[in-house]
Amino acid sequence: MRQLYEYHPVVGYRYIPRLRVRIPHEGGGYLIQVNEQGFRADRPFARARTPGHRRVLVFGDSFTAGDAVPNRQRYTELLETRLPGAGTPPVEVYNFGLSSTGTDQQYLIWREFARDIEHDLVVIAVFVENIRRVAAQFRPHHDEHGVERLYAKPYFRIENGTLQLCHVPPRREPYEEHELDAAQAAAVDHGGRFLMLRRMVTKLGMRDMVQHLTQYQPLPHYDSPASPAWCLMRAILAQWIRALDGPVLLMPLPLPQHLDETCDAAPYQARFAELAADVGCRLHDPLPDLLRIAPATRRRLRWDKDIHFTPAGHDALARSLQPVIADMLGAGLARAS
Amino acid sequence: MGKTILGIAGYYHDAAAALVRDGEIVAAAQEERFTRRKHDPSFPVNAINYCLEEGFVDAADLDAIVFYDNPLLTFDRVVQNACAGARHGDAAGARDLFVQAAGAVLGDKIWVNEHVRQTLGTPGRAGRVLFAEHHMAHAASAFYPAPVDSAAVLTIDGVGEWATTTLGTGHGRKLELFAEIDYPHSLGLLYSAFTSFCGFKVNSGEYKLMGLAPYGRPRYTGRIREHLIDVRTDGSYRLDMNYFGWLDGMAMPGPRFADLFDGPARQPETPITRREMDLAASIQQVTEEIVLRTARHLRRLSGERNLVLAGGVALNCVANGKLAAAGIFDDIWIQPAAGDAGGALGAALLAHHMAFEAPRRRTDGAGDTQRGSYLGPRYSSEEILAFLDRNGYP
């Protein structure tokens, strides 16, 4: 497999511009195309609006970038195809998703690459696990040979009530574990608690079964509005949303455990609802729509081993989002007129 | 709408993949280039991935996926081989041979459909993997890219299903093989037996033996002709199987080789002696003689002025040079990937022109449609910079 990412001095990394790659995968492999700005897209992202078009900017991690599916099967491209209604202008959806990033890096992507891009709507898709990444200062990444390397990531911390950006530029070279002091070692995101146990369970292909039996709650960070990780996440999102000058749609994306109804979604739903009310943006929680799908069909929204969306998953998400975005774009047009 | 076809070769040696779109070669690569394992025989997942990447085509959109060999015919040879061994009274040896050879065939090749589904998640639009015959794939790899409308076709290799040498013609999009020499009589296997006897790896070191030939004198040529091979005037031949091991075991030269050629086989990595140089010169001379005689016969049979050539023996560039110099044909075109790797390309081209009945792309004197031999991966400046940067190169 080819190298996918290049170093970026603010975000940490981005896709290598103009890359055209096929990635082997349990589903048989998928093609991705990267535009000249370094995002998965079949066209460059233009600053000025295309005359007669409306434009939506979407930010997120691998669930938005579309790990495991080609560009054209992502929910963003499906929305672009389906959104134009009779007598309404076509819609461009710019997907700024970048795999394995936290919401903090997605905010930096907006600042670095999208701040000046004319648009009608911004969608911030937060895979709820991102709360762990936001709290992390280092993350392991697998290279194209499957070798795990530990990299510094840009991160924010709250000092005197304001966000301070740290690790920018992040070190280019990977870290060895022994280079980290105790505080840094504690700030490595290993994907949650019980690392060895999780690896063993995953290797044995027993992840779903163990989750079903234990009803493990993987994200306690959402349990309290005062939890440090949520406070940081909330501060980042609030600052980002307030900096945006148009309508914003905040969309938390559930974990597989939430889709399987083996862990409780209420804590994160409560936190995002509080945030949306506080900053005055619209919230769309797709989980209720997804839970209306029969369990056997719902399981096919993600791959057998890979937790990312299958084409059916992207389709289901697009169906959930479509009326909300259509409504928001319609309202925007009404205001503009 | 043009057809997009993936050709696959694998499981024996030199696994490879090739992608053809509307008759044009888009990509081709050998698996060894990705795995760094020389002559890698495994199912070419990396080469396939590269070909689809270069063509930027989803596997589900492939009009056909074609394998370069017919596993059932190969299995038929394995069964008959074992039965022949049993008839000669060596039931235990025949059983071992069958188990070993059948395992190689049934263990992999027979499951090509399943491996394609596992690797690509789909058999493409055709709904199933198509199978070409081995020598038709070689012939197609030589004829379709050649800058001629019509040609005599000669394929010579170790063995593919049953055939070891085939003669045919190509006209327009049609390709026909009308004569063949069958296993166990094989010029390719004969050459490999000498490769092995001289201490080189079979299906790998043949080029070393060819390179060794000019250092020796062909003093064993008479013994080879007298004992090992009966070459007729038309280039056809029969081997004396008492000297070879591939019918009743997996060894290439049998024990009688040592009696015939002045001592035991050279052990790998030991000094090369005058004997190995002379053996190389001798088998090279016999090979050239067979190739020239076969070519003359094919010229007479076909009436064609052009010859196209493929199969592992067509990698013997010294014999090819003699053939060109002999002036038997006006022009000769040789598939650069004449060995099994080229079978992937041939299988794809064969499906395009024979199964889908698409006409050949005319070259109008502009040269062949092979697009050279640099058909593998390329990297953009951005990718190279990213690699250098990540790995700390200045």
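Reply: A residue is buried if 20 or more other C-beta atoms lie within 10 Å of its own. Please keep in mind that this is a predicted model.

Me: Which residues of α3(A) are buried?

Reply: Helix α3 spans residues 103–114 of chain A, and nine of its twelve residues are buried, so the helix is largely enclosed by the rest of the structure. The buried residues are Thr103(A), Asp104(A), Gln105(A), Gln106(A), Tyr107(A), Leu108(A), Ile109(A), Phe113(A) and Ala114(A).

Me: What covers the buried residues of α3(A)?

Reply: The cover includes the strands β2 (12–15), β5 (54–59), β7 (121–127) and β10 of chain A, together with the helices α4 (130–135) and α8 (228–243) of chain A.

Me: Let us turn to strands. Which strand is joined to β10 of chain A, and by how many bridges?

Reply: In a regular strand the side chains alternate between the two faces of the sheet. Here, β10 (residues 155–159) and β11 (residues 162–166) of chain A run antiparallel and are joined by five bridges. One pair consists of Glu159(A) and its bridge partner Thr162(A) in β11(A). Two residues lie between the strands of this hairpin, and Asn160(A) takes a positive phi near 50°.

Me: In what order do the five strands of the open sheet in chain B stand?

Reply: The order is β8-β7-β6-β11-β12, with mixed pairing. β8 (174–182) and β12 (331–334) of chain B stand at the edges; each has a single partner strand, so one side of each is left without a neighbour in the sheet. On average, neighbouring strands of this sheet are turned by 20° against each other, direction ignored. Within it, β7 (residues 163–171) of chain B pairs with β8(B) in the antiparallel sense over eight bridges, and His171(B) has Lys174(B) as its bridge partner in β8(B).

Me: Which helix packs on the sheet?

Reply: Helix α6 (residues 134–143) of chain B does so, touching β6 (150–160), β7, β8, β11 (306–310) and β12 of chain B. The direction of α6(B) makes about 140° with that of β6(B).

Me: How is the packing of two helices to be read?

Reply: Two packed helices are described by the angle between their axes and the distance between the axes. For α6(B) and helix α13 (residues 341–355) of chain B, the angle is about 85° and the axes are 7 Å apart. The two helices are therefore roughly perpendicular to each other. Among the residues making the contact are Met136(B) and Ala140(B) of α6(B), and Leu345(B) and Leu349(B) of α13(B). By class, the residues of this contact divide into eight nonpolar, six polar and no charged.

Me: Finally, how many residues of chain A are in contact with chain B?

Reply: 19 residues of chain A are in contact with 19 residues of chain B. On the side of chain A that touches chain B, β1 (5–8) and β3 (20–23) of chain A each supply at least two residues, and β3(A) gives the most, with three residues. That side has eight nonpolar, four polar and seven charged residues.

Note on methods:
Residues numbered from 1 in each chain as written. Chains lettered and ligands numbered in written order. Predicted model: local features only at pLDDT ≥ 70, side-chain atom pairs only at ≥ 80, totals over all residues. Contact = placed C-beta atoms within 7 Å. Helix = DSSP H or I, 4+ residues; strand = E, 2+ residues; numbered from the N terminus. Nonpolar A, V, L, I, M, F, W, Y, C, P; charged D, E, K, R; others polar. Pairing = 2+ DSSP bridges. Axes fitted to C-alpha atoms, helices over the stretch in contact; angles between N-to-C directions. Parallel < 35°, antiparallel > 145°, perpendicular 65-115°, else oblique.
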